[in-house]
Amino acid sequence: MNHYLSYVLDSKEVRKKLGNDTMFHFDQSPLVYAEIWKPIEISFAKLSGVKKGDIPDLMIRNGRLFLNEKAYECLRETLEAHGEFLPVTFGSEAGYLFNILRLADDIGGLNQKLSTRDEHDDLQSLVFHEEKMIKILVFRTSFDDYMGVYCNGAFKQAVENAGLKGLVFSLDL
């Protein structure tokens, strides 16, 4: 099994480029950034338990997708209606953070009866009305504080057909 590095944002650079009051690196809320965005240098680091790893083609962190150039070229048309591509660099390479702006909450896609939290407010179950989400390729929800990225089968198939590495699909939380 391949292990992948995770992208890291430098908070000083984020504030320098986007303004001191911008909390992009901490706030996962679905806010539009394209109007103020300036390309940011990101780095890649090992997360806990990863001894060594590769830079992924595609990965999720804090409710946003990282795409390298290969992933961007393969998925740009598929994703563009669901959010905004924010340019980043890493070393001599270019990539994008995809800020997902489509929310299950906006179209009644979250099944609020079956989505639950425990007594410590930890997420226990998350259920969507699939018939309402069928045309939404990638989306987020306020129920998990916009931390997760969820998709339909068409997005999963597009990633697999392109042979992109780094993203793990799961039916479980």
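Guide: Tyr 72 is buried, because its relative accessible area is 14%, and buried here means under 20% relative accessible area, exposed means over 50%, and partly exposed lies in between, with a 1.4 Å probe and protein chains only. This is a predicted model, in which local features need pLDDT of at least 70 and side-chain atom pairs count only at pLDDT 80 or more, whereas totals for chains, interfaces and linings use all residues. Residues are numbered from 1 along each chain as its sequence is written, and side-chain values use heavy atoms, with hydrogens and water left out.

Phe 85 also counts as buried, at 18% relative accessibility. Phe 85 and Tyr 96 have their ring centres 6.0 Å apart and their planes at 80 degrees, so this pair is edge-to-face. The terms come from a rule for the rings of Phe, Tyr and Trp (its six-membered ring): they pair if their centres lie within 6.5 Å, and planes under 30 degrees apart count as stacked, over 60 as edge-to-face and the rest as tilted. Because Phe 85 lies in strand E5 and Tyr 96 in strand E6 (residues 93-100), the pair ties together parts that are 11 residues apart in sequence; Tyr 96, like Phe 85, is buried.

The structure holds 12 aromatic pairs. In one of them, the rings of Tyr 72 and Phe 85 have centres 5.0 Å apart and planes at 90 degrees, so this pair too is edge-to-face. Since Tyr 72 belongs to helix H2 (residues 69-79) and Phe 85 to strand E5 (residues 83-90), the pair ties together parts that are 13 residues apart in sequence. Helices (H or I, at least four residues) and strands (E, at least two) are DSSP runs, numbered from the N terminus.

Strands E5 and E6 belong to an open sheet of six strands, which has the order E1-E2-E5-E6-E4-E3 and mixed pairing, where two strands pair if DSSP finds at least two bridges between them. At its edges are strand E1 (6-9) and strand E3 (58-61), each of which pairs on one side only. E3 pairs with strand E4 (residues 64-68) in the antiparallel sense, over four bridges, and Met 59 has Phe 66 in E4 as its bridge partner. Phe 66 is also one of the residues in an aromatic cluster, together with Tyr 7, Phe 44 and Phe 90.
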